[in-house]
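Welcome! Please take a first look at the sequence and the 3D structure shown here, and then read on for a guided tour.

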Amino acid sequence: MLAYLTKRLFWSIPMLIAVSIVAFIIIQLPPGDYATAYVAELRHQGDTVDPLMEQEIRVHFGLDKPIYVQYWWWISGIVLHGDFGQSLDYNMPVSNLIWARLGLTLAISITSLLLTWLIAIPIGVYSATRQYSALDYVFTIFGFIGRGFPEFLTALVLMWLAYSWLNMDVGGLMSAGMEQQPWSFAKVIDVASHIWVPLVVLATSGTAGLIRVVRANMLDELNKPYVETAYAQGLSERRVVWGYPVRVALNPFISTIGWALPSLISGDVITAVVLNLPTTGPLLLRALKNQDMYLAGSFILILSVFTIIGTLISDILLALSDPRVRRG
Amino acid sequence: MTDTTLINPTPIETNDAKEALYRATPRQLMWWRFRKHKLAVVSLCVLVFAYLTIAFAEFTAPYDPYEITEMATMQPPQSVHLFDEEWNFQGPFVYGLKRARDLETAAVIYTVDTDDIVPLHFFVAGSDYLFWGLIPGSFHLFGAEDPDTHIYLLGTDTLGRDLLSRLIHGGRTTLTIGILGVFFSFLIGITLGSISGYYGGRIDAAIQRLMEFIRSIPTIPLWMGLAAALPVEWDPLFVYFLITILLSLISWTHLARTVRGSFLSLRGEDYVLAARLLGASEKRIITKHMLPAMTSYIIAAVTLSVPEMILGETALSFLGLGLRPPVVSWGVLLQEAQNLRVIVQAPWLLLPGLAIVIIVLSFNFLGDGLRDAADPYGR
């Protein structure tokens with residue numbers, strides 16, 4: 001186990017380095033650099049800018065240095081001082097802007113992941129044990145439809161339905177007047193009446209896929225002799241199903257957490273733009289559109305690091321639950 | 001008799017049928033199995049219909065997708081009727097709409113005018129176009145006889161452009177991106193996947209790590225980052241091409257995994273060993289012996305990855321980072337329906353979303369059907 005753990009931990013180091021390089025490339029991709037953008041911004045405000053000054057800014061920020069030197073400065077600043085660079089658009093350090101939003105993204109992603117399991121596992125097990133029943137068909141149809149709906153469309157439709165049927169504006173994290181008020185019971189209720197939309201949106205797409213996986217795995221397991229033996233021993237159906245085949249059928253699950261996480265975070269980014277949530281999505285989009293590249297790059301870097309850590313955790317969980325994995 | 005056995009080859013009733021089953025080529029067997037999958041067959045029909053429609057977009061779309069009609073902004077869809085109010089048969093027609101303003105809010109309201117019957121004509125002369133940018137023409141599949149009267153079966157957008165025409169022309173962009181993108185990721189996926197599966201060992205490990213790495217990055221933020229780097233002022237066609245390549249650069253891993261998996265299982269087969277003992281070169285073994293054996297799996301995997309491309313394009317364009325107006329694509333169309341106020345006023349602007357769902361589901365069902373049909377050990 002320890003050997004597997006060390007090996008797995010060791011492997012995530014090159015992954016993290018590669019992710020940081022990709023994020024840095026994204027920062028560098030747009031034509032021009034920080035200095036050109038900054039000068040353009042000043043000119044836009046009506047200042048006259050000396051071309052010499054542009055050069056000075058470039059030297060000041062080290063933008064005239066070779067690319068690998070710049071990368072080294074950027075990454076060592078992050079690792080050693082937690083300094084993600086300066087946001088051009090907001091004119092403040094990136095680290096002041098991102099953590100609250102990242103926290104909310106992570107909270108929404110993890111909650112919807114848990115919600116997905118809470119819904120998908122019982123439904124999948126039910127569908128498998130009552131194969132071809134009316135409810136099984138209902139769930140199958142739901143699964144198919146959930147597969148076809150992109151997240152942003154689900155969010156749009158939900159927002160529209162909530163408005164036209166319940167007369168509720170569910171965009172944002174809370175109603176417009178609530179933001180300035182201190183936390184109270186009414187505020188919690190208000191947040192709850194908004195937060196269900198992104199959770200439902202993200203959980204729908206995940207649930208649809210997972211129900212199919214659980215159902216297929218369960219059907220494989222239910223036909224095995226050990227299940228029949230358990231029944232023959234006189235165990236109740238509940239004890240047989242939940243005690244044995246479910247535990248085996250859930251194995252592939254743990255290994256897919258790592259893949260579920262990137263798609264959840266992707267989904268959160270785009271859903272948040274539609275619903276105007278104060279998570280990473282809208283800020284990342286804005287940063288990209290305004291070429292506020294340090295902000296955008298930091299977001300992409302941190303979101304990717306989250307998913308790599310998530311994959312690492314899921315691999316460790318898998319090793320804990322399945323002896324075949326840890327023996328390699 | 002042969003007809004019934006073709007549809008359902010498993011219960012072999014007669015010698016004729018038995019004979020047909022034994023003599024059937026693998027391709028025939030696949031086709032028979034595929035036909036049993038009703039949903040897949042329906043999906044195939046839907047997709048053929050959709051691609052035919054977009055192939056002849058200039059003809060099937062009733063109007064020019066860029067034509068602005070100021071007096072018909074945000075007009076609701078007109079449904080096609082066959083009978084009028086008194087149940088007299090009139091042939092296909094729509095009721096004309098009266099445009100008025102709400103006296104209090106000054107909002108434009110349309111009311112159905114049941115006296116104004118606009119018959120639907122087929123093959124009518126309308127706005128001029130260049131078919132595929134080459135052949136001039138002016139005939140459209142349907143329309144009103146009088147070129148000044150417009151029929152909006154799916155309504156109009158905020159500028160008074162016909163949504164149906166825009167949907168058809170947008171489909172041309174979105175649906176071809178799906179196919180083109182899959183073509184590129186197929187090239188990358190099959191090359192790396194087959195190298196990985198055939199050679200194994202260190203090369204395999206390296207390619208595996210690369211795939212794991214790409215899978216572990218959240219796709220939408222990465223796509224967003226890369227797409228944002230494309231300058232706005234570039235030629236739309238070039239941007240279209242680059243977006244397609246961008247999408248495939250990230251989503252080839254799924255295909256590569258399928259290819260690698262089948263390579264690993266085929267590598268141990270006796271006929272591959274036989275070919276190697278007979279002195280066939282590695283290139284020959286891969287291309288002549290192993291690839292044909294997995295064609296059907298690859299086709300199924302390719303079909304299943306088209307929706308990924310389509311969803312990627314729509315998501316990016318929806319966010320304003322992919323294709324931008326004046327290019328029409330389904331994502332660009334949905335961009336108009338981005339805020340609640342517009343959706344409440346004109347819910348039909350969400351219809352491109354319905355088109356996306358239908359196409360994505362069809363590709364999924366078709367892929368499922370193909371995969372089942374390709375499995376020689378399936379039922």
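The report below goes from the whole of one chain to some of its parts, and then to the partner chain.

## Before you start

This is a predicted model, in which local features need pLDDT of at least 70 and side-chain atom pairs count only at pLDDT 80 or more, while totals for chains, interfaces and linings use all residues. Residues are numbered from 1 along each chain as its sequence is written, and chains are lettered from A and ligands numbered from 1 in the order in which they are written.

## Chain A as a whole

Chain A holds 15 helices and two strands. Both kinds of element are DSSP runs numbered from the N terminus: helices are H or I with at least four residues, strands are E with at least two. The C-alpha trace of chain A spans about 90 × 55 × 35 Å along its principal axes.

Of its 328 residues, 34% count as buried. A residue is buried if 20 or more other C-beta atoms lie within 10 Å of its own, exposed if 12 or fewer, and partly exposed in between, with C-beta atoms placed from the backbone. Two residues are in contact if their C-beta atoms, placed in that way, lie within 7 Å. Among contacts in chain A with a separation of 6 or more, 72% come from residues 24 or more positions apart.

Helix H4 of chain A covers residues 67–81. Its 15 residues should span 21 Å at 1.5 Å a residue, and the end C-alpha atoms are 21 Å apart, which agrees; the expected span is 1.5 Å times one less than the number of residues. H4(A) is hardly covered, with one buried residue among its 15. Just after H4(A) comes Gly82(A), with a positive phi of about 65 degrees.

Helix H9 of chain A (residues 225–232) has eight residues, and the number buried is zero, so H9(A) lies largely in the open. Gly234(A) follows H9(A) and has a positive phi near 90 degrees.

## Positive phi without glycine

Which residue sits in the loop between H5 (94–129) and H6 of chain A? Tyr132(A) is found there, and its phi is positive, about 65 degrees, although Tyr132(A) is not a glycine. Tyr132(A) is exposed, with 8 other C-beta atoms within 10 Å.

Asn276(A) lies in the loop between H12 and H13 of chain A. Its phi is also positive, near 55 degrees, and with 15 C-beta neighbours inside 10 Å, Asn276(A) is partly exposed.

## Where H6 crosses H8

The axes of H6(A) and H8(A) (residues 185–222) come within 8 Å and cross at roughly 130 degrees. That makes H6(A) oblique to H8(A); angles under 35 degrees count as roughly parallel, over 145 as roughly antiparallel, 65 to 115 as roughly perpendicular and the rest as oblique. Axes are lines fitted to C-alpha atoms, for helices over the stretch in contact, and angles run from 0 to 180 degrees between N-to-C directions.

On the H6(A) side, the residues that meet H8(A) include Phe139(A), Phe142(A) and Gly143(A). Their partners in H8(A) include Thr204(A), Ala208(A) and Arg212(A).

## Meeting chain B

The contact between the chains takes 43 residues from chain A and 33 residues from chain B. Among the elements giving two or more residues to the chain A side are H1 (2–28), H7 (151–166) and H14 (293–321) of chain A.

Within chain B, Arg257(B) lies in helix H10 (residues 253–267). Arg257(B) is partly exposed, with 18 other C-beta atoms within 10 Å. Not counting residues up to four places away in sequence, Arg257(B) touches Gly193(B) and Met211(B).
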